[in-house]
Amino acid sequence: MLLTTPATRILLRGSLPRPRWYSELHLRPAWLKPSYKSQTAMPKDAQAGPISALFGVVKPSGPTSMSVVNDVKQLVANSPLFVEESKLAEKAKTGKKGRFRRDAVKIGQGGTLDPLADGVLVIGVGKGTKKLSEFLDCVKEYRTTCLLGCETDTYDSEGKQVRAAPWHHVTREQVEKALEQFRGEIEQVPPIFSALKMDGMPLYDYARQGIPLPRPIEKRKVTVHELELVEWLGSDHSFRPPEKKFSKEEQEAMEKALKSVDESVSIKDEPDQEVPSEKPPTAFVLRMKVSGGTYVRCIVHDLAHALGSAGHVVTLTRSRQGRFALEPKEEGDRACVPWEVFQKALADEGEVDVDGRKEWEREVLAKLEVV
């Protein structure tokens, strides 16, 4: 055995040829040497994958939230950004096409938007799905357009006209004053034409069949943090009431169901006789910041009643859901991926860049939050 001292070790090192990697790495100036600390501190969202994440999608008006999730899943389930390479290789080997099997990747959304609505839809992938529940109760922001003159069974333009009501008397000043009673903590009654159940039966079945309600629909406490009139459209717009209307029999059935808990209910048409029928009813735009569980459609419906009219939602945009926003303004806010990015990728994903990423993957990487 060769015994060495510190001095002899220095001599030995000096006499032996140094490997090439040593000379290239250790003999360069300090400012050229790689920073190992920065490499180990690399953010997760820059790793090769697969990763679990949350990201916002700008849902368009029209499709359901579930159809949007399913479309995004077609891309996510075939991306090395979210799925293990071995699983993708297995799929390529078997030659299976179409959607990936269910266990390839978990994906979900953190709060459904109605088909009419557009805006922020938070998507969770992998372990990110376990974080989606926090977006159900988080603060949300909306922008909605109210059209006066009639109310519908769904409280929006997707439903049927339930009744017509006068509208020409409503002024901007009256709306701004009436908004005061809808700020702060309020109680809301969900629409009778909803899937909520009472004694095992959906509320809409009571309304459609004229079955008396066993008891009043339970009110829900919500908080309206901010509520303001941001645009007065008057009659200068293209919105019109739905063409489909309740028949007299449908009106009577709905009235019968509601009268069982409120004798003052009356469902009958009271069209505005003082204006030409071809003149569009008044419309205006509201912006609100509300707690989770708030029915935006109910605010519009109840506001119209407070104004001595009837009204329904014709546009609805969710501009913020927690920290995901259409227009990030606060510290920690995250922008959302435009729907057109996914739409384009579904038609043709295109080529990969030098890092092996496709265009839609780069867009998502730039806006996602790694879990």
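Strand E1 (53–59) is largely enclosed by the rest of the predicted structure, because six of its seven residues are buried, buried meaning under 20% relative accessible area, exposed over 50% and partly exposed in between, with a 1.4 Å probe and protein chains only. Strands (E, at least two residues) and helices (H or I, at least four) are DSSP runs, numbered from the N terminus. The model is a predicted one, in which local features need pLDDT of at least 70 and side-chain atom pairs count only at pLDDT 80 or more, while totals for chains, interfaces and linings use all residues. Residues are numbered from 1 along each chain as its sequence is written, and side-chain values use heavy atoms, with hydrogens and water left out.

E1 pairs with several strands, pairing being assigned if DSSP finds at least two bridges between two strands. With strand E3 (residues 118–125), E1 runs antiparallel and is joined by seven bridges; here leucine 54 stands opposite glycine 124. Leucine 54 also has a bridge partner in E15, glutamate 369. The pairing of E1 with E15 (residues 369–370) is antiparallel and covers two bridges. E14, by contrast, runs parallel to E1, with three bridges between them, and proline 338 of E14 lies opposite valine 58.

Helix H10 (residues 339–347) has Trp339, Val341, Phe342 and Ala345 as its buried residues. These lie on the same side of H10, because they cover an arc of only 155° around the axis, the arc being that of the directions from the helix axis to the C-beta atoms. Packing partners of the buried H10 residues are strand E1, helix H4 (65–76), strand E14 (336–338) and helix H11 (359–367). On the face turned away from the buried side, H10 carries the exposed residues Glu340, Lys344 and Ala347.

Threonine 282 is located in the loop between helix H8 (248–259) and strand E11 (283–290). Its relative accessibility is 6%, so threonine 282 counts as buried. Apart from neighbours within four places in sequence, threonine 282 has contacts (heavy atoms within 4.5 Å) with Cys146, Leu147, Leu148, Trp167, Trp232, Gly234, Ser235 and His237.

The mean pLDDT of the protein chain, pLDDT being the predictor's confidence in each residue from 0 to 100, is 86, and 84% of the residues reach 70 or more. Over residues 7–16 pLDDT stays under 50, and the model has two contacts beyond four places in sequence for this segment. The pLDDT is also below 50 over residues 19–46, a stretch with 16 contacts beyond near neighbours in sequence.
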